[in-house]
Amino acid sequence: MPPQRTPPPRTRVRWDKLGRCGMLAILAVLLYLGISPLIALISTEREAAHQRAQVANLERTNRQLRAERAALHEPSVIEGQARLLGMILPGEQPYVVRGLPQN
């Protein structure tokens, strides 16, 4: 009878598979490390765009308020606002008109 071969031990390490798994793990870590800052950058850019829009809106409101403040120092504007409140100048005769048709 010929000598029987013994099967190779199953404890052998398959270095090619282990190397591929290791490279996949390293690739996953590198992708995570690269994507994480990219997501933060995009989020920061969106927040900056929102802040820029808010600043533009506040600047527009500021210009309107400054123009209104400048107009309120004009005597004619002050008199017009006072008349809207029902005020009259000294010596003027106030009149109340009643019975006007409703439009």
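**Figure 1. Helices and overall dimensions of the predicted model.** The protein contains two helices and zero strands; helices (H or I, at least four residues) and strands (E, at least two) are DSSP runs, numbered from the N terminus. This is a predicted model, in which local features need pLDDT of at least 70 and side-chain atom pairs count only at pLDDT 80 or more, while totals for chains, interfaces and linings use all residues. Residues are numbered from 1 along each chain as its sequence is written, and side-chain values use heavy atoms, with hydrogens and water left out. Along the principal axes, the C-alpha atoms occupy a box of roughly 140 × 35 × 15 Å. The radius of gyration of the protein is 42 Å, whereas a compact globule of 103 residues would have a value near 13 Å; the radius is taken over C-alpha atoms, and the globule rule is 2.2 Å times the number of residues to the power 0.38.

Figure 2. Accessible areas come from the Shrake-Rupley method with a 1.4 Å probe, and for residues only the protein chains shown count as cover. Of the 103 residues, 0% are buried; buried means under 20% relative accessible area, exposed over 50%, and partly exposed in between (1.4 Å probe, protein chains only). There are 14 positive and 8 negative side chains, and the centres of the two sets are 27 Å apart. Lys and Arg count as positive and Asp and Glu as negative, without His and the chain ends, and each charge is placed at NZ of Lys, CZ of Arg, CG of Asp or CD of Glu.

**Figure 3. The salt-bridge network of Arg14, Asp16 and Arg20.** These three residues are linked in a network of salt bridges, a salt bridge being a side-chain nitrogen of Lys or Arg within 4 Å of a carboxyl oxygen of Asp or Glu. Asp16 meets Arg14 at 3.5 Å, N to O, and meets Arg20 at 3.6 Å, N to O. Arg20 and Asp16 both lie in helix α1, four residues apart, which is about one turn of the helix. Asp16 is partly exposed because its relative accessible area is 37%, whereas Arg20, at 51%, counts as exposed.

**Figure 4. The salt bridge between Glu92 and Arg83.** The whole structure holds five salt bridges, and one of them joins the side chains of Glu92 and Arg83 at 2.8 Å, N to O. Glu92 has a relative accessibility of 32% and therefore counts as partly exposed. Arg83 is also partly exposed, at 34%.

**Figure 5. A nonpolar surface patch around Leu31.** Leu24, Leu27, Leu31, Ile35 and Ile39 form a nonpolar surface patch of about 500 Å². Patches are made of residues with over 30% relative accessible area and no salt bridge; like charges are joined within 9 Å, and nonpolar side chains (Val, Leu, Ile, Met, Phe, Trp, Tyr) within 5 Å. Leu31 lies in helix α1, residues 15–72, and is partly exposed at 49% relative accessibility.

**Figure 6. Gly86 in the segment after α2.** Gly86 lies in the segment that follows α2 (75–84). Its relative accessibility is 59%, so Gly86 counts as exposed. Gly86 and Trp15 are 71 residues apart along the chain, and their C-alpha atoms are separated by 96 Å.
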